[in-house]
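Me: Hey, can you walk me through this one? I'd like to start with a single residue and then zoom out.
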Amino acid sequence: MFVGIDVGGTTTNAALVDGSRVVKTAIGPTDHQEILGSLLRTMDRLIEGVDVERIERVVLSTTLITNLIAEGKADRVGLVLIPGPGVNPRDYRFRTEPVILDGAVDYRGREIAPLRDDQIRAAAQSLADQGYRKVAVVGKFCQRNHEHEMHVKEVFSKAAPAIEVEMGHRVSGRLNFPRRAATTMLTLATRDHYRRFAEQAERAMRQRGIKAPIYILKADGGTLPLDKSLDRPVETIFSGPAASVMGVMALTPEGQTSVVIDIGGTTTDLALILSGKPLLSSRGAKIEDMLTHVRAFAVRSIGIGGDSVVRVSDGEITVGPDRAGPAFALGGPEPTPTDALMVLGLTNLGEITLARKGIGIIASTLGCSTEDAARMIVDTVVDRIVDTVNMMFLEWEQEPAYRIWELLQRTKARPQNVVGVGGASPPLVPLVAKRLNALAIIPEHAPVANAIGAAVARPTMTLSLRIDTERGMYTVEEDGTLGEAKGRNLSLEGAQEMARQLLRERAERLGIQDYADEAEVVDSEVFNMVRGWSTVGKLIDVRMEIPAGIITSWRGEHGS
C-alpha cells in the first residue's frame with residue numbers, strides 16, 4: 001500500500017492506495033504555523049485501523065518552502081559573484097546587494113582572469129561584519145570549472161569561519177548565471193528549515209510504526225527519497241500544483257489533453273497536460289520575482305478559491321485574494337463563493353441558513369435579492385478563472401514543448417477537457433468548462449486528487465551532459481560533476497550512451513534506479529571546433545530525462 005499526503009493552503013489531504021484502488025482518504029485543516037502537525041494529524045486519521053506494516057511507500061507534498069519564502073521567514077543569505085567581463089550583476093534582481101569579485105572562467109571552463117585573495121578576504125570580513133552567517137558564491141561558467149568557487153570557499157573558511165558557504169556549481173550546473181545565483185541563494189536560505197522538517201517527519205513516521213521509505217514530491221511531478229532531498233529543498237516548491245497534475249494523470253485515461261483546474265479554499269492552480277504529458281516551464285520555476293533553475297510544470301496560481309472573501313467595492317463584487325477563514329456557512333466571519341454556491345443549490349457544504357445570511361450581507365449592499373447576489377459572485381469567480389485560462393494559453397504557446405506538440409498534432413491546443421480537482425471544483429468546473437466550450441470532468445476522489453497524485457507519482461530525473469573532446473573533459477549540468485572524456489572522435493551515439501550510463505549512476509546514488517531504463521534522449525547536438533583548416537575537437541550536448549509519470553502498479557483499470 002502507498003500513502004500520499006498533500007499539505008495545501010487550506011486543507012491537508014491524504015490517500016491510501018492499494019494497487020489500483022483508493023482504499024481510504026482523510027482531509028484535515030492546514031495550520032501554516034504548524035505544517036508538520038497538520039500533516040501528522042491527517043496522517044493519523046488515515047492510518048487509524050490500518051496495518052501500517054503493509055505500507056510500502058509514503059510520499060509527501062508540502063507548502064513548507066513556498067511559505068518560508070512568501071512569508072519572509074527564510075534565512076538571510078549574502079551573495080558573492082564572479083561574473084567576469086561583459087556582465088553587470090547589479091542589473092539582476094537579487095534580494096541583496098552582491099559582492100563582486102575579479103576573476104573569470106570562459107564558456108569552456110578555462111581561466112582567463114585570476115582571483116585576488118585580498119579581495120576575497122575583504123569580502124568575507126565585510127559580510128561577517130554585516131551579520132551574514134550564510135553566503136552563496138557563484139561564478140559565471142564555474143559549472144565548467146569549479147576552481148574559482150572552491151578557492152573562494154577555502155579563503156572564506158579561514159577569514160570568516162562562522163560563515164557557511166554554498167557554491168553555485170553544487171546546486172546547478174545549468175547555463176544562465178542569474179538563475180543559478182538565485183537558485184543557490186534560495187537553496188541556502190531554506191535548507192536548514194527543510195532539514196528540520198524532514199528529520200521530524202521521518203522520526204514521527206517511525207514512531208507510528210511506519211518503516212516504509214519516505215519520498216517528497218518535486219515541482220516537476222517526480223518523487224525523490226526524503227533523505228536525498230535534503231540538499232535540494234527548493235525543488236519541492238510548487239509541489240502542490242505538481243500533485244494536482246499527477247492526480248489528474250492518475251485519475252483520467254492516458255494520453256489525453258486537458259486543462260487542470262485545482263480549486264482549493266485559498267487559490268486556484270492551473271496547468272496543462274498535452275497528450276498525456278504535463279507541460280514543463282522552459283524557464284524554470286519563478287519564485288516571486290526571481291527566475292530559477294528549478295524544473296517545474298508550467299502552472300499559474302490565482303488568489304481565488306472557495307473560501308475567498310467576497311466584498312463590494314464601488315458597487316462591484318470582488319473575490320479574494322485573501323481568506324479570513326472558512327465559509328460563512330461553516331461558521332466563518334465573511335461571505336465566500338462557497339456560500340454563494342450553497343444559495344444556488346450547487347453544493348451542500350455547511351448550513352444553508354448561515355450561507356443565506358452571509359450572501360444577504362452582499363445583497364443588501366448591492367440592493368438586490370440574495371439569489372441575484374449569489375449568481376453575481378459565482379459569475380465573478382468563473383470569469384476570473386476563464387480569463388486566466390485564456391491568458392495562460394497565450395503564454396503556453398511560447399513554451400518549446402507546446403510548439404513541438406503543436407507541430408506533431410498539426411493543431412492548436414484549446415481546452416477540450418477541463419478536469420477539476422480540489423474541494424471547490426465539483427460545482428465550479430462545469431460552469432468554467434461551459435464557458436470554454438469544453439468537456440467538464442470531475443474524477444472520482446477529486447477532493448483528494450493531490451494526495452493520490454503524490455502517492456502514485458514515479459521518480460523523475462534530468463541529466464544534461466556536455467563533452468569537450470579537445471579538452472578531454474565532460475560536465476553534468478545538474479550537479480556540476482566534472483570528469484575525463486577520452487577520444488576526440490567521440491560520436492554522438494557514443495555520447496548518448498555515456499549520458500545514459502551517467503544517468504543510471506546518478507539515479508542509483510539518489511535511490512531511484514528502478515526507472516532509469518525508461519530515460520529518453522530529449523535533445524542532442526554536435527558542434528565541430530575548427531582551428532585553421534582542421535577540426536580540433538567537438539562540443540557535444542546530450543540531455544536525457546526520466547519523464548513524469550505514474551507508477552506501474554496503479555495503472556491497471558486506470559490505464560485505458
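Me: Is Asp-106 buried or exposed?
Reply: Asp-106 counts as buried, because its relative accessibility is 11% and the cut-off for buried is under 20%. Keep in mind that this is a predicted model.

Me: OK, where is Asp-106 found?
Reply: Look in the loop between strand E7 (104-105) and strand E8 (111-113).

Me: And which side chain does the side chain of Asp-106 make a polar contact with?
Reply: That would be the side chain of Arg-110, at 2.8 Å. If you skip residues up to four places away in sequence, Asp-106 also touches Ile-112 and Phe-141.

Me: Let's follow Phe-141 then. Where is its place?
Reply: Phe-141 sits in the loop between strand E9 (134-139) and H4. Its phi is near 65 degrees, which is a positive value in a residue other than glycine.

Me: Which other residue has a positive phi, near 55 degrees?
Reply: Asn-437 does, and it isn't a glycine either. You'll find Asn-437 in the loop between helix H12 (425-435) and strand E22 (439-441). Asn-437 counts as exposed, because its relative accessibility is 73%.

Me: Back to H4. Which residue is found in that helix?
Reply: Lys-153 is one of them, and helix H4 covers residues 147-159. Lys-153 is partly exposed, with a relative accessible area of 33%.

Me: What does Lys-153 touch, leaving out residues up to four places away in sequence?
Reply: It touches Val-165 and Met-167. Lys-153 and Val-165 are 12 residues apart in sequence, and their C-alpha atoms are 6.2 Å apart in space.

Me: New topic: Ser-38. Why does it count as buried?
Reply: Because its relative accessibility is 1%, and anything under 20% is called buried. Ser-38 lies in helix H1, which runs over residues 35-47. Beyond its neighbours within four places in sequence, Ser-38 is in contact with Thr-12, Pro-29, Thr-30 and Asp-31.

Me: Where's the cis peptide bond between a glycine and a proline?
Reply: It joins Gly-320 and Pro-321, with omega at about 5 degrees. Pro-321 lies in strand E20, residues 316-323.

Me: Time to zoom out. How many helices and strands are in the chain?
Reply: The chain has 15 helices and 27 strands. Its radius of gyration is 25 Å, close to the 24 Å the globule rule gives for 560 residues, so the chain is as compact as a globular protein of that length. Along the principal axes, the C-alpha atoms fill a box of roughly 80 × 55 × 50 Å.

Me: What share of the 560 residues counts as buried?
Reply: That's 56% of them. The chain exposes about 23600 Å², and carbon and sulfur atoms supply 48% of that area.

Me: What about contacts along the chain?
Reply: Take the contacts with a separation of 6 or more: residues 24 or more positions apart account for 65% of those.

Me: Last one: how many positive and negative side chains are there?
Reply: There are 65 positive and 72 negative side chains, and the centres of the two sets lie 3 Å apart.

Note on methods:
Residues numbered from 1 in each chain as written. Predicted model: local features only at pLDDT ≥ 70, side-chain atom pairs only at ≥ 80, totals over all residues. Heavy atoms only, no water. Helix = DSSP H or I, 4+ residues; strand = E, 2+ residues; numbered from the N terminus. Rg over C-alpha atoms; globule rule 2.2 N^0.38 Å. Buried < 20%, exposed > 50% of the residue type's maximum accessible area, 1.4 Å probe, protein only. Contact = heavy atoms within 4.5 Å. Areas by Shrake-Rupley, 256 points an atom, 1.4 Å probe, with all protein chains shown as cover. Lys, Arg positive; Asp, Glu negative; His and termini not counted. Charge placed at Lys NZ, Arg CZ, Asp CG, Glu CD. Polar contact = N/O pair within 3.5 Å; in protein donor to acceptor, adjacent residues only side chain to side chain.
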